[in-house]
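Dear colleague,

Please find below the structure I am handing over to you. A short account of the findings follows it.

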Amino acid sequence: MKEKISSKISILPTIIIILISVVLFGGIGIMLLLRFFEKLETEDKITWANLIFPFLILVFIVYSIRYIVITFPKVIIDKSGISFSTYFKKEFYNWNEIENIEITGKQNLSFLFTTMPIEATTLNLKSGKQKYIWADNYSNISEIRILLDRAEKLLSENKNEINSLDFKINRNGKILNQINFKNKIEFNGNHFLSANGLLFYGFIVFVLFMFFQNPTRMINNYKALLFIITVGTVMCGIFSFKMYYFIVTEKYIIVKNSIWFWYNKIYEIENVKELVIESPHKQSTSLRIITNDFQSKMYQAGSLRDKTWTELKEYLLKKEIKVRNETYH
């Protein structure tokens with residue numbers, strides 16, 4: 001068995017950053033630069049802003065790409081230690097340099113002038129330095145956390161023989177299909193009257209109104225129709241993504257969605273390591289579920305009122321589930 005694990009970058013977050021910084025802002029920057037040179041040729045009146053603004057946009061693109069490369073390095077863990085590698089440099093720390101490891105928790109991640117608390121695994125070094133592994137940006141973060149959790153236990157027991165570190169990853173293959181809904185409690189709200197619900201249904205009503213005003217013209221104008229379908233799908237997806245709610249029974253936590261009525265994710269309470277109530281980047285309050293094998297999933301529940309969140313938190317604590325409350329509830 002290969003006694004080494006290498007990190008794998010999550011494709012979706014990386015693509016989102018690249019699309020926003022490179023495609024969107026890059027297109028705007030190139031368009032403004034072309035407009036600047038066009039003004040030079042036609043001897044139109046130009047100002048420094050005509051050049052500085054597109055230049056700043058292109059600088060932002062370079063910064064974003066460099067940010068991705070530096071902030072999310074390739075992490076390699078073996079029995080000798082942990083290495084962090086980028087195109088610019090490589091850092092290596094042997095196990096004797098590590099004081100302790102915080103497997104879960106939030107750390108502040110800065111981008112330009114914005115700082116946001118992000119889920120991370122933190123390596124506290126004996127030198128006083130900290131190294132972060134940002135959870136959402138690695139697709140195999142659960143395997144990394146399982147291994148580092150084992151390493152942390154060895155370090156806390158003052159074991160110098162890290163050779164006993166086990167690299168074998170076993171998954172819970174149990175499939176939950178039929179469950180007992182006895183004594184279930186539903187934690188939900190009126191999603192119709194929530195901010196996301198009003199925007200979701202309001203947008204649908206607006207599109208239908210525009211369509212029935214002149215259906216023939218809309219059908220014949222395929223560009224407008226394609227635009228509305230594309231924007232509508234994206235907008236509806238964003239708003240419905242924030243409409244999860246929760247059902248708790250004696251042994252299970254069930255996650256459902258008010259819009260996606262078919263969605264049904266089941267967690268065994270005994271397989272839940274930690275629950276986190278958080279408000280990611282000033283969005284809807286969410287419940288993050290972390291399982292014993294460190295698989296993590298966040299569910300935004302914008303239709304739940306503050307009172308419902310408080311009731312959910314108190315109920316989960318009564319069931320002796322570890323709850324990390326990062327909001328005011």
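How many nonpolar, polar and charged residues are in the lining of the second largest pocket? The lining has 8 nonpolar, 5 polar and 3 charged residues (Ala, Val, Leu, Ile, Met, Phe, Trp, Tyr, Cys and Pro count as nonpolar, Asp, Glu, Lys and Arg as charged, and the others, Gly among them, as polar).

Please note that this is a predicted model, in which local features need pLDDT of at least 70 and side-chain atom pairs count only at pLDDT 80 or more, while totals for chains, interfaces and linings use all residues. Residues are numbered from 1 along each chain as its sequence is written, and side-chain values use heavy atoms, without hydrogens and water.

Of the 16 residues that line this pocket, Ile70, Thr71, Pro73, Lys131 and Trp134 lie nearest its centre. A pocket here is an open set of points on a 1 Å grid over the protein atoms alone, where a 1.4 Å probe fits, with protein on both sides within 12 Å along at least five of seven lines; lining residues have an atom within 4 Å of a point. β8 gives the most to the lining, with 4 residues (strands are DSSP runs of E, at least two residues, and helices of H or I, at least four, numbered from the N terminus).

The largest nonpolar core has 36 residues, that is, buried Ala, Val, Leu, Ile, Met, Phe, Trp, Tyr and Cys residues joined through side-chain atoms within 4.5 Å, where buried means under 20% relative accessible area with a 1.4 Å probe, protein chains only. Elements that give two or more residues to this core include α2 (48–71), β8 (130–134) and α3 (141–156); α3 gives the most, with 8 residues. Apart from this core lies another, of 27 residues, among them Phe187 and Tyr244.

Kind regards

Terms used
Buried < 20%, exposed > 50% of the residue type's maximum accessible area, 1.4 Å probe, protein only.
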